[in-house]
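Visitor: Can we go through the aromatic rings in this one? Show me the model and then the count.

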Amino acid sequence: MKRLLFIYLHLLITLIMVSCNSESPSTIESDVINPSEAYEELNIVYGNNDNQVFDLYLPANRTAETKTIILVHGGGWTSGDKSNMTNIQLYIKDQMPDYAIVNMNYRLATESMPPYPMQINDITSVVNYLTTNQTHYTISENFGFIGVSAGAHLSLLWSYAFDTAHQVDMVASIVGPTNFTDPAYLESDNSILQQFIASLGIDNSIAFLEEISPYHRVTSSVPPTILFYGGDDPLIPISQGTAMRTQLEEHHVIHEYTLYPDEGHGWEGLNLLDTTQKLQTFIETHL
């Protein structure tokens, strides 16, 4: 089993290392898909942009209690694709076969289309689509999120600040930025960090940076959260994880935090296996 876990996530973490409109959801007017059989549907359209599509994987023998894990890829808000998350999708399907899986794309930011709130609105559209059609697919209204890098930021922010119906039961951040008012960002002369923040394409007022920072949106009611960070990450300072851990502790939020001191913006080997095992346990406990 350990070998399988390693293989399924190896390419995911390797990719990390290299690395809306809230339209009214459509209701599918058709018979319920047979819940006793596994079902896959690729590139389900949830908006007018080419990137507003997602893949859906439904397990056999599902019920109205079947939870859905939503995968959100990274890429600095300006690039990336749901295919980057294929290996974690395969891992969940093989090792946690009772969960439904959504692997989503979202509109990529450009100079004329900033990532916020566009990409948050895209997540809202996907959740609304699934909720509206839950009977058709035979799934519950409850979700978990796994995000990587920029996708982890989006997953945390949506779960903390935009889940008005309290549908999210857990959220996982793998090397996700959490606080854009962190002095490690604002006062850094590191060109890599400056380019990373510039990719947001937004104004730099403190009020706005707080608005888009999951750290500043934590309350006692946010969902259980698991965090993974590398101590030698050129994009995500250590304080992004440690400060978030403290914030969650102070608000008495269930959470786990892992720092791999010698790792960068991704890892492999035994640390990858450790991430895999902790993530699976956290999902099975809280989702």
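Guide: The count is nine aromatic pairs. Rings of Phe, Tyr and Trp (its six-membered ring) pair if their centres lie within 6.5 Å; planes under 30 degrees apart are stacked, over 60 edge-to-face, the rest tilted. This is a predicted model: local features need pLDDT of at least 70, side-chain atom pairs pLDDT 80 or more, while totals for chains, interfaces and linings use all residues. Residues are numbered from 1 along each chain as its sequence is written, and side-chain values use heavy atoms, without hydrogens and water.

Visitor: How do Tyr46 and Phe54 pair?

Guide: They are tilted, 6.2 Å centre to centre, with 40 degrees between the planes.

Visitor: Is Phe54 buried or exposed?

Guide: Phe54 is buried, because its relative accessibility is 0%. Buried means under 20% relative accessible area, exposed over 50%, partly exposed in between (1.4 Å probe, protein chains only). Tyr46 is buried too, at 7%.

Visitor: Why is the pair of Phe54 and Tyr129 edge-to-face?

Guide: Because the planes stand at 80 degrees, with the ring centres 5.5 Å apart. Phe54 sits in strand S2 (residues 53-58) and Tyr129 in helix H3 (residues 118-132), 75 residues apart, so the pair links distant parts of the chain. Helices (H or I, at least four residues) and strands (E, at least two) are DSSP runs, numbered from the N terminus.

Visitor: Which residues form one aromatic cluster?

Guide: Tyr46, Phe54 and Tyr129. Tyr129 is buried at 7% relative accessibility.

Visitor: New topic. What is the secondary structure of the chain?

Guide: Ten helices and eight strands. Buried residues make up 53% of the 287 residues.
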